Amino acid sequence: MFDLEKAISDWLRGLRKSPGFEDGDIEEIEDHIREEIEHQQLNGLTFKEAFNRATSSFGPLNSIGEEMTISRTKHLKISHKYSLELEFPESKNPFINSTAMFKNYIILSIRYLSRNKVFSAVNILGLAIGMATCLAIMQYVHFEMSYDTFHENGDDIYRVTLKGKSHHASNHPGTGPALKDHLPEVKEYARVVHQSTFTQRQISAWSHIDKNNDVKIFNEERVYNADPSFLTMFSFPFIYGDPQTAFLDVNSLVISESVSRKFFGLNNPIGETLIRDGTRLFTITGVFKDVPENSHIKFDILYCYFLKDAWGGGWDSSWDWEWPEYYTYIQLDPQTNIENLEAKFPNIVKQYLGDWTEQMNTQMSFHLQPLKDIHLKSPKMKKEREVHGSIKTVYFLVTIAVFILIIAWINYINLSTAKSIERAREVGFRKVAGASKKQLILQFLLESTMVNLVAILIAFIIFLFSLPYFNQLAGIKVSSVNLYSEAWFWIALGLTLILGSFLAGIYPAFVLSSFKVISVLKGKHFSSSGGILFRKLLVGFQFMISVALIAGTWMVFKQVSYMRNKDLGYCKDQILVVISPVVFDSTSFSKLQVFVNELKRYPSINSIAPSSEIPGKWIPTLNGIRNVGEDVSENTVCHYISTNHEFVNTYGLKIIAGRNFRENEFSRFSKDGITKVLVNKKTTKNLGFKNPEESVNEHILFQSGTTDWKGEIIGVVNNYHQRSLKEDYDALMFFSWQWAIPYISINLNTADIHNSNKYIEDLYKQTFPENQYEYFFQDDYFDAQYASDKQFGKVFGVFSLLAIFVASLGLFGLTTYMISRRTKEIAIRKVLGATVQQLLLLFSKDFIRLIIVANIIALPIVYYFGKNWLNNFSFRINIGWITFILPLIILLVITMVTISIQTIKTSMINPADTLKHE
Amino acid sequence: MMASKGLMAATTKPMILSILQEGKNYGYKIIQRVKEISGGSLHWSDGMLYPVLHRLEKEGFISSEWIIGDLDRKRKYYAITEAGKAELHAEKESWMKAHAILTQLWDLKPSI
């Protein structure tokens, strides 16, 4: 018996299953069918006949469903096509068309992306990491570029540097006044010079005594003397006081907000007194906001010794041109032509320094350096107090960021085109439905824009969360810069989005949109060999970048650890350095003697040496020495160290010829006498001795102040690394004095370091109650020289890791897809007896080939840049074979692991399950 | 006479609009009306009408509403909109224009 209701509901179920019909349609059609059946029954047909008639006259569900879909998606397009023969322009409305189309594209893209989770995740995550890296680096670059941009007159301020045998950042004190006198373009000059130039000590002790006679003492290092004009030429804003008048008096002092807080809390300190090194009184006339991190010169305390009165009625002109320690800035008229101005310098140099250069048979020249270039574009100069950034590092980081982004874009291109075969049918249908190639390209571009947009949002989140870590990594203290208020940041961000969407989207869009309808719909399998080659090229490129980064990271790591572990020629591991008291008076030397004698009795202390210098620093005293009988032009430069006979023992130096100083044997400077000195091997070489032995007991002439003195070499110590391994050995000369300040180096038994340190501290505080106890360990002090290299290594390492991670993501996506396409093939091969190893080889063959080729291409590039970088170091590693093998191994492991997981997973499936579907 | 597919597709729109100008109606009845008028000379499967209706609705030429009719069956009624009337007017002009051109070309006498 025919059941009409069941027949209808069956038929409707079929309808529901066929594509194109939605809920409303089905109800409407049900109504239609029922009415037709009723109508046919009235004509005398049976239930069954009526049902059959009604459904057959309804027509083929496939094509109606398609039309339904089209009516929903492309309704206007189709109607346009239908009235093609009779088209008249008045019946068109392009606006409805484009917005509806757009909305539809977005829906399609969302559907596609949410249906292909792995694909979307790989793309979005990769892009997000790439973009987050870019953001982090952008803000780093922004910070580096923001140096000295906050000065109102910044564009007109230049630093005048001095070039002789070497390039100095500082200049003669007379340079500023002379330039202003002779050149109308120079509106103002300002000189600033560190306190150590006058006191020979890096730090000074500042004390304040309040009404209750309570004393506060702090040691300060960032203390400079400055011209009054310094306060007005630059824009360091004042909290209290007036920059115009702060330096009217010689005893004026301006301090930073932080220093003011330390002494006075939140009170206004104007008019208060601070005492330097327990002797000199200053009155506070101004408090400036802390110098921002992005200033090339950083200071906490300024005073104005330059005022002529400070020297007791008139400037002593002999100082003007013989003491090139003063950083000299000039403010120019905005219209000045710099080249023309610099052309006038040689005459001024000749006028003031002519005699001297002639006598020394040397050249001197002044150079202008724009204020804003000082931080990033300074050439290697002596006498810089701050460590400057390097434009090369900036470029380098930008390059890495771009590389990571490119890797992520390549992932997108690769995965999208690889997946295109799956989408061929979609494209085919849409083409049949009347979509033009242009529309399809537009849609795929929209899809890539959406992926990029989501990625950028995630990137922002990653960026915000990782910013503190990144800043720590890159050594940025960003407090004074606001990235988000910069228009260029948003432009760059927008550009990244547009470029990413377009660059990564355009190729897949073209590939996808150019499928031929007929072959696609017929179900032909196709793959263009050109497309596969292109994909391989892209993957190869990713491998190349990875190889370069791995090899680079390895080299940086090896060089840094080489520098930290190489034998320096002295023992740095068991030496504690104590700073001798800053507040010094006539009794200090005898107190020091008592202090040292006490210490020597302590069992864990092996030896103690006071000295003017210690290893790990650039020695500022640099003078000329020569053999007796030679002309002054034969001078060779040498650094002087004042110490005593204990220095050699304490630092474990090796005497290779002659002898050490004896106890109580001191170098005496006298006009007729001979000063006994110790030199190092480098100095004997500079003096022209064939070997150190030859130099022993030889007489030399050495300069100190403006005088030549006669010296006798009593012994030669072996070369040791006075400075980091970036630098060559320095030429050194040692004097023996009863006392040398400020360093007291104490050689300890390492086993008892904690107790020893405690003992030394207590004794120090007891002996010098008015001083702060300051100490450090020699090895830390020396290693501090590598801070920037270590940091570079870390930054390099982290970014390499990120890049490799993003590339691995892409590899993962690509292999996942590749193997999923070949699931059946794997099943058949397994049925035919293939082992997992054979399958692995089959799938990894192509990738291994690519990795090897990428290595071959990338390594010469790595070698070239690596060699270049290593040339910065006087003592450096060889680029060993590991550098070339390591990237290969790492990439092979990553690739094999990725492919193995996929292959094994797939080959574990029972072939029957895979194959029974067809 | 059987019309070509293209012609049929092109004529559905003015036909549906014309039928709906006579008054609100639902799918089945509209098809019946078309069959009735064309006397079977225009023939397509019944179902093909629905996509066209939906399209016209999307384009704003017709509107629809669900009405619960006899036997508690939900039925979707269509009605012509103002835009639909204007569109029909434009279609009419086009068709008349085309008709005039073809009449001239084929030198047909208007039959009664």
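Where is the place of P742(A)? Select this residue to start: P742(A) sits in the loop between β22 (732-736) and β23 (743-748) of chain A. The model on the screen is predicted.

**Stop 1: a cis peptide bond**

The peptide bond that joins I741(A) and P742(A) is cis, with omega at about 5°. Most peptide bonds are trans, and most residues other than glycine have a negative phi.

**Stop 2: two residues with positive phi**

Select D148(A), in the loop between α7 (117-145) and β1 (157-163) of chain A. Its phi is near 60°, a positive value in a residue other than glycine. Next select N664(A), which is in the loop between β18 (655-658) and β19 (675-680) of chain A. Phi of N664(A) is also positive, near 60°.

Which of these counts as buried or exposed? D148(A) has a relative accessible area of 1%, under 20%, so it is buried. N664(A), at 56% relative accessibility, is over 50% and therefore counts as exposed.

**Stop 3: chain A as a whole**

Select chain A. Its 918 residues are 51% buried, and the chain has 30 helices and 24 strands. Of the contacts in chain A with a separation of 6 or more, 80% are between residues 24 or more positions apart. Chain A exposes about 43400 Å², with 57% of it supplied by carbon and sulfur atoms.

**Stop 4: salt bridges within a chain**

Side chains of opposite charge can pair when their charged atoms come close. Over all chains, the structure holds 38 salt bridges.

Select R626(A) and D708(A), which form a salt bridge with their closest N and O atoms 2.9 Å apart. R626(A) is in strand β16 (residues 622-627) and D708(A) is in strand β21 (residues 707-717) of chain A, so this pair links parts of the chain 82 residues apart. R626(A) is buried, at a relative accessible area of 7%, whereas D708(A) is partly exposed at 33%.

Now select E727(A) and R723(A). In this salt bridge the closest N and O atoms are 3.7 Å apart, and both E727(A) and R723(A) are buried.

Move to chain B and select E65(B) with K24(B). Their salt bridge has its closest N and O atoms 2.6 Å apart. E65(B) belongs to strand β2 (residues 62-68), and K24(B) to the loop between α1 and β1 (25-26) of chain B, 41 residues apart. E65(B) is partly exposed at 35% relative accessibility, and K24(B) is partly exposed with a relative accessible area of 44%.

**Stop 5: where chain B meets chain A**

Show both chains. How many residues does the contact take from each chain? It takes 29 residues from chain B and 31 residues from chain A. The two chains bury about 2900 Å² between them, 58% of it on carbon and sulfur atoms. Select Y28(B), R55(B) and R73(B): in chain B these lose the most area to chain A, together 22% of what that side buries.

There are three salt bridges between the chains. One to select is E35(A) with R75(B), where the closest N and O atoms are 2.6 Å apart.

Finish with α3 (49-59) of chain B. α3(B) gives the most to the side of chain B that touches chain A, with six residues. The residues of that side divide into 13 nonpolar, six polar and ten charged.

Terms used
Residues are numbered from 1 along each chain as its sequence is written. Chains are lettered from A and ligands numbered from 1 in the order in which they are written. This is a predicted model: local features need pLDDT of at least 70, side-chain atom pairs count only at pLDDT 80 or more; totals for chains, interfaces and linings use all residues. Side-chain values use heavy atoms; hydrogens and water are left out. Contact means heavy atoms within 4.5 Å. Buried area is the accessible area (1.4 Å probe) that two parts lose on being put together, summed over both. A salt bridge is a side-chain nitrogen of Lys or Arg within 4 Å of a carboxyl oxygen of Asp or Glu. Helices (H or I, at least four residues) and strands (E, at least two) are DSSP runs, numbered from the N terminus. Ala, Val, Leu, Ile, Met, Phe, Trp, Tyr, Cys and Pro count as nonpolar, Asp, Glu, Lys and Arg as charged, and the others, Gly among them, as polar. Buried means under 20% relative accessible area, exposed over 50%, partly exposed in between (1.4 Å probe, protein chains only). Accessible areas come from the Shrake-Rupley method with a 1.4 Å probe; for residues, only the protein chains shown count as cover.
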